[in-house]
Amino acid sequence: MSTDFKYIPIIDISPLLARCDDPKMAEDPGVYEVVRQLDQACREAGFFYVKGHGIPDSLIKEVKKVSHNFFQLQYEEKIKIKMTAATGFRGYQRVGENITKGVPDMHEAIDCYREVKEGMYGELGKTMQGCNQWPCNPPNFKELMEEYISLCKDLSRKILRGIALALGGSPDEFEGERAGDAFWVMRIIGYPGASTTNGPGPINDIGCGAHTDYGLLTLVNQDDDITALQVRNLSGEWISAPPIPGTFVCNIGDMLKIYSNGLYDSTLHRVMNNSPRYRVCVAYFYETNFETAVEPLEICKQRTAGAKKFERAVYGEHLVSKVLTNFD
Ligand SMILES: N=C(N)NCCCC[C@H](N)C(=O)O
Ligand SMILES: O=C(O)CCC(=O)C(=O)O
Ligand SMILES: [Fe+2]
């Protein structure tokens, strides 16, 4: 974020998607217009809504519905897929178990990651080794989520082709060695309603404390009717990202900040569910290849001559250091 934005722009990306795998996509006026809007949104807010994304509304809704149903179960039931170090930090965590900047978050969640097989990524990959743990109800929970993940992955890749053009690169800047074998994370998150935070039990109203996301691009599928996600602008004001039916909220992660040499920032955001109702959000995080060393792109260095140069980082190291400090 580098401005005092007051709202988060909405971008209809359908012209980009229509020409996305055409090598001449950059010459298309419709694509050009989407790229211009992406560039502006990424510079000004680091956040934007996408509509015209092509993921069926029925699937988007179903994913939230089964998530609500899971969180309504008794603790004994949810704990059957408990997240532990032995499962590569995959699975269910209770309210208060996730910690942001030292403070327990008022959310429960199921964390999922791309599968990491034994020996993959050597020593670095060890922390994340494991398979996802899925609730057994409904019986198609896993299948539904895997279908959703596959569509989110494809959509993220396509949005990044637009962002690559916006940075002045070629469309496949974030493919191949950089993100051609993208790692991904998905968090199915539940935020109890505000009234349940009175009396014994949860002790603050921060659903998720201020943080930035770790990778390239996040796709947020949030419940309709509850405004809880807030994004910080340059003056430090918290700007709401209310649900807009038919859209995803997208935001830039730390790896894209580095690639762009700070042209685009990974904007701080937090979640406060002040509504009395339980809120669900399913966040999909599209990342670089696990072992890729991320450094500012040459084209971005030229455009930011003299400005701060960001340090080289390895995504997998960044993720592991976060995962190891996210839980008590
Ligand atoms: N994979 C991603 N980006 N997860 C975002 C979680 C943010 C909260 C976490 N406790 C933290 O402090 O990072
Ligand atoms: O609940 C939300 O709207 C966003 C959650 C989030 O920022 C995250 O999980 O990284
Ligand atoms: Fe986030």
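**Entries: overall fold, then one strand**

I began with the inventory: the protein has 10 helices and 16 strands (DSSP runs numbered from the N terminus, H or I of at least four residues for helices, E of at least two for strands). A note on the source: this is a predicted model, where local features need pLDDT of at least 70 and side-chain atom pairs count only at pLDDT 80 or more, while totals for chains, interfaces and linings use all residues. Residues are numbered from 1 along each chain as its sequence is written, chains are lettered from A and ligands numbered from 1 in the order in which they are written, and side-chain values use heavy atoms, leaving out hydrogens and water.

Next I checked the dimensions. The C-alpha atoms fill a box of roughly 55 × 45 × 40 Å along the principal axes. I also looked up burial, and 55% of the 328 residues count as buried (under 20% relative accessible area with a 1.4 Å probe, protein chains only).

Then I turned to strand β2, residues 47–51. I found 4 of its 5 residues buried, so β2 is largely enclosed by the rest of the structure.

Which strands pair with it? Strand β1 (residues 10–12) runs parallel to β2, joined by 3 bridges; pairing requires that DSSP finds at least two bridges between two strands. I noted isoleucine 10 with tyrosine 49 of β2 as its bridge partner. Strand β12 (residues 248–252) runs antiparallel to β2, with 4 bridges between them. There, phenylalanine 48 stands opposite cysteine 250 of β12.

Note on methods: Buried < 20%, exposed > 50% of the residue type's maximum accessible area, 1.4 Å probe, protein only.
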